[in-house]
Amino acid sequence: MSLKAVDGILSSLKSCQTDIGTGMDIVTDVAMDLVEAQDEEMNPGIKEMEAMILECAKLDREINYFVDIVQQNTAEVTSQQPEAMFSLFARVKEQFAERIAQLSDADLHNHQKVAAFKESIKNSFQQANQESAEDMEELDEDIAVTQSQVNFTCPLTQVEMVNPMKNKKCNHHYDEKAILSLIKTKHSQKKKCRCPVVGCGNTDVIESDLIRDQILRRRIQNQRRQTNKT
């Protein structure tokens, strides 16, 4: 197998990761729909979906480690003799097995999308306990009418957010793509990433402090639907 073929396989795996992430978002949305439809905190469907999210997080983590190990080993191969390619498969297999053996399923609960799932379900239950189904529908309509467009606007792009992420430290929201790009750019410059919201004192925004706000995303989508109706 050539290095070009290896690169093609890694590219396919990364595309698979994107699909896994999309699937996890869909599962979260369906779980939130279940919560809104019936006020039962121990709903077995929610538990099953949480198990699905954890399995997806496990697969996503394993792909991350596999890609990392392959990239490290192929980098070493390029600096050695061509025959080093013959031992690439065995080396990757051995190192991957060692890495996986050291992992704990408990760590999966720290996965960004798992944390977002739990936070979204918790918030949905709180709303379901406070409002009836009719009240929730009216609330959504009120939000679409009265919610300021600025609250749905990313402070970085100045356009409506698509995948809002909430900063657990300062509670500000940003669009996922924009804030992750800013963090990456600042880190490449050996600088800290300051919260882009004017007046915020948070001078060190890091990826681990960010969590997907699925409820806000649904509100944005609801406003968009209401706007399209008018």
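Gln 223 is buried, with a relative accessible area of 6%. In this predicted model, the residue belongs to helix α7, which covers residues 214-229. The side chain of Gln 223 is joined to the side chain of Glu 160 by a polar contact of 3.4 Å. Because the cut-off for a buried residue is under 20% relative accessible area, the 6% of Gln 223 places this residue in the buried class.

## Confidence of the model

The chain has a mean pLDDT of 82, and 80% of its residues reach 70 or more. Confidence is highest in strand β2 (residues 173-175), where the mean is 94, and lowest in helix α5 (residues 133-146), where the mean is 51. Over residues 143-150 the pLDDT is below 50, and this stretch has 10 contacts in the model beyond near neighbours in sequence.

## Overall make-up

Seven helices and three strands are found in the chain. Read from the N terminus, the order of the elements is α-α-α-α-α-β-β-α-β-α.

The chain has 230 residues, of which 35% count as buried. Among the contacts with a separation of 6 or more, 68% are between residues 24 or more positions apart.

## Links between helices α2 and α3

One aromatic pair is present in the structure. The ring centres of Phe 66 and Phe 96 are 5.6 Å apart and the ring planes stand at 90°, so the pair is edge-to-face. Phe 66 lies in helix α2 (residues 44-78) and Phe 96 in helix α3 (residues 88-101), so the pair ties together parts that are 30 residues apart in sequence. Phe 66 is partly exposed, with a relative accessible area of 26%. Phe 96 is also partly exposed, at 21%.

Helix α3 also holds Arg 91. The side chain of Arg 91 makes a polar contact of 3.2 Å with the side chain of Asn 73. In sequence, Arg 91 and Asn 73 are 18 residues apart; in space, their C-alpha atoms are 7.8 Å apart.

## Asn 167 in strand β1

Asn 167 is located in strand β1, which spans residues 164-167. This residue is buried, with a relative accessible area of 0%. The side chain of Asn 167 reaches the backbone nitrogen of Lys 169 at a distance of 2.8 Å.

Leaving aside residues up to four places away in sequence, Asn 167 touches His 172, Tyr 174, Asn 202, Val 205, Asp 209 and Leu 210.

## Positive phi angles in two loops

Asn 171 has a positive phi of about 65° although it is not a glycine. Asn 171 sits in the loop between β1 and β2. With a relative accessible area of 46%, Asn 171 is partly exposed.

Lys 190 is another residue other than glycine with a positive phi, in this case near 60°. Lys 190 is in the loop between α6 (176-188) and β3 (210-212). Lys 190 is exposed, with a relative accessible area of 78%.

## Cysteines

The count of disulfides is zero. For Cys 193, the closest cysteine sulfur is that of Cys 195, at 8.2 Å, which is too far for a bond. A disulfide requires the two sulfur atoms to lie within 2.5 Å, so the 8.2 Å between Cys 193 and Cys 195 rules that pair out.

Cys 193 is buried, with a relative accessible area of 0%. Cys 154 is buried as well, and its relative accessible area is 0%.

How values were computed:
Residues are numbered from 1 along each chain as its sequence is written. Side-chain values use heavy atoms; hydrogens and water are left out. pLDDT is the predictor's confidence in each residue, from 0 to 100. Helices (H or I, at least four residues) and strands (E, at least two) are DSSP runs, numbered from the N terminus. Contact means heavy atoms within 4.5 Å. Buried means under 20% relative accessible area, exposed over 50%, partly exposed in between (1.4 Å probe, protein chains only). A polar contact is a pair of N or O atoms within 3.5 Å; within protein, one must be able to donate a hydrogen and the other to accept it, and residues adjacent in sequence count only if both atoms are side-chain atoms. Rings of Phe, Tyr and Trp (its six-membered ring) pair if their centres lie within 6.5 Å; planes under 30 degrees apart count as stacked, over 60 as edge-to-face and the rest as tilted.
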